[in-house]
Amino acid sequence: SIDMLMPSDKEEDPDVIPEDSSLLTLRIRKKALERREETIIVDRACRQETLAYEMESHAIGKRPDDPGDLVEEGELLLTLNIFYPVIFQKHKDHKPYQTVLVLGSQKLTELRDSISCVSDLQIGGEFSSQPDQAPEHISKDLYKSAFFYFEGIFYNDKRYPECRDLSRTIIEWSESHDRGYGNLQSVKMEDYTFNDLSLKIGFPYLFCHQGNCEHIVIVTDIRIIHHDDCLDRNLYPLLIKKHWLCTRKCFVCKMYTARWVTNKDRLAPEDPCFFCDVCFRMLHYDEEGNKLGEFLAYPYVDPGIFN
Amino acid sequence: MSSVPGLQADCEELLGAFQEADTVRFERFAELWRERRFHTIFYGRIRALERNKLTKKTLELAQQYFLPPYAFQIRVGALYLLYGLYSTQLCQPKQKIRIALKDWPEIQKFQQDLIDSQHYDAAYIFRTLRLARAFHFTAMPKLLNYRTKKKIQENEFKEEFKDPSNRVNSLITNDVLEELMNIHDHYQKMKCLISADKSQPDKALSLIKDEFVVTLKDITLEHQEWQQNRMKLFLNAKETDEISNKREEGPLLESEGSERANALARIKYRSYSAVVEASKSRRHRQVKLESSESGSNYGKSPSRSKKPSRRPQPARRGDSLEIKGEMQVAKETVTRHIGMPIITEEEN
């Protein structure tokens, strides 16, 4: 019976705060805006803000080409915060995390595959004598085991034969003495979807891979899928927020991201010292590729590589 | 979540004005909205990311008023406010209103109430929001995020918006009083039967006050009126703090800013309450409202409307209750706090 009586009749510019507003909110905002105008020379979105906004909204409203991939009504959407394992001093107060959206009907393994952690790309071994052989086996291929820990149950990734049950150690430890932990069970990750789990919102859970790389996982929100959400099943788990980490640059050129780190290097001013690929070879090897001087060199993967 | 500065004040101001208008019609709300040009609350050169966050916080704040324990009128106001904010937001695609699963039965009950009492405009607005897919059905009402705050902000919402506590009224309803009366009569008869003198009970058997049921009812009525007056005074908070207790008979508690006394008064009043008077005293207010509204008032127990007539008043005996003086105070309503009467023991 009654409809929109709200909006004004004349054209208004939403950027301009009306002069004579009776709203306290606007008066405060106006003061803040004026202060901003005085102090900031160029007022536009920085890269990080653009990235954050893009990530949040890039998938909104997407529909799949193949109708078989359409997310069904009544599907649950979970929002998970997965924290980075890096521990920098500056992260003392706010630990960086990435936010992922998952569907209730997705398997745990799909989430495991979507988590990109820098430790997966680590290459073990000292390669000063054979720098060209370095990027051979990244850790992700070598150590495939991983587990999730939700509510007293360990979900182990058992898809490949080389996957071990990492949680066995923990379960044996807790059973050896009466440490006050209830029954800890171990099951296969690939058999379970998120709908099968019972979760607490805001409670920290664990994702562990590579044997000792641990990520805290927190569920921040569970809601029913909405018309305006991304309904393409292939895009889930969907990353909507990522922490921007500054990459370490090469010590020499200060331009490229570091790919090598050296220890006990007579040619380097500090220990450890970071180099990009080009500078590393130029400094440490002659035209024939002989090693100059004594040093230990390791391939380095910077945590900010996912930016 | 850190809140938007000034937003709570603005919303409460608007809802307060709506409450004073004492109606639940959308036209009235729209007038108030247009007066304040509330849709400009999203203005001010905000970039997209910030705007999303801001709108989310705004909707979350408004949504809190939509749920109990707020008074019915406030909840309808909150519904209109949500509708207004949702429609006039500048975000594209629109930010949604989060409702927790546990709150849905409440809201559905609320909607049913609206339809039953023929507030069709409010029901229509709610339906429009549903059709526009304005709601997110979530597990928890507040979206979590992790910031270490120096102190946890306690959101204190205005007390006027809250429904006056009905626990007393729900305890001593008409049915309860009626049953008490019956039992009392029965008891008296039993006492008569076993006494020597058949017409009245033995003196030795008189262990309770004979008139206690009627007294109970009266005291409940007083509490009722006191509560209403207190609400009125609360709304006209500009009154000076005059104390006219000196004129009172009987000891009345000092009402000068002593919270404890007030709390004590409230607690003691809670042990006496009645339901009967409500409809009569509310009748004059009902007339002002739209004819489409039903007779019962929301927030008060439904049994109220069943007994419009007062029970016959006993002759006021000065020695049994000191309420008489208090009644005068209630009518004069000069003080901010109304003291409570002391009930003297009835000497047999």
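Reply: In chain B, 78% of the contacts with a separation of 6 or more join residues 24 or more positions apart; a contact means heavy atoms within 4.5 Å. This is a predicted model, in which local features need pLDDT of at least 70 and side-chain atom pairs count only at pLDDT 80 or more, while totals for chains, interfaces and linings use all residues. Residues are numbered from 1 along each chain as its sequence is written, chains are lettered from A and ligands numbered from 1 in the order in which they are written, and side-chain values use heavy atoms, with hydrogens and water left out.

Me: What makes up chain B, in helices and strands?

Reply: Chain B has twelve helices and two strands. These are DSSP runs, numbered from the N terminus: helices are H or I with at least four residues, strands are E with at least two. Their order from the N terminus is α-α-α-α-β-α-α-β-α-α-α-α-α-α.

Me: What share of chain B is buried?

Reply: Of its 348 residues, 46% are buried, that is, under 20% relative accessible area with a 1.4 Å probe, protein chains only (exposed is over 50%, partly exposed in between).

Me: Which residues touch the most other members of the largest nonpolar core?

Reply: They are B:Phe38, B:Phe66, B:Leu81 and B:Leu85, in a core of 52 residues. Such a core is a set of buried Ala, Val, Leu, Ile, Met, Phe, Trp, Tyr and Cys residues joined through side-chain atoms within 4.5 Å. Elements giving two or more residues to this core include helix H4 (72-88) and strand S1 (97-100) of chain B. H4(B) supplies the largest share, eleven residues.

Me: Which residues does B:Leu85 contact beyond its neighbours within four places in sequence?

Reply: Among them are B:Trp33, B:Phe38, B:Ile41 and B:Phe42.

Me: Why is H4(B) called roughly perpendicular to H5(B)?

Reply: The two helices pack at an angle of about 100°, with their axes 12 Å apart. Angles of 65 to 115 degrees count as roughly perpendicular, under 35 as roughly parallel, over 145 as roughly antiparallel and the rest as oblique. H4(B) is therefore roughly perpendicular to H5(B). The contact includes B:Phe72 and B:Arg75 of H4(B) and B:Glu106 and B:Phe110 of H5(B).

Me: Which residues of helix H2 of chain A are buried?

Reply: In this helix, residues 47-57, the buried ones are A:Glu49, A:Met55 and A:Ser57. Their cover includes strand S8 (238-241) of chain A together with H3 of chain B.

Terms used: Axes are lines fitted to C-alpha atoms, for helices over the stretch in contact, and angles run from 0 to 180 degrees between N-to-C directions.
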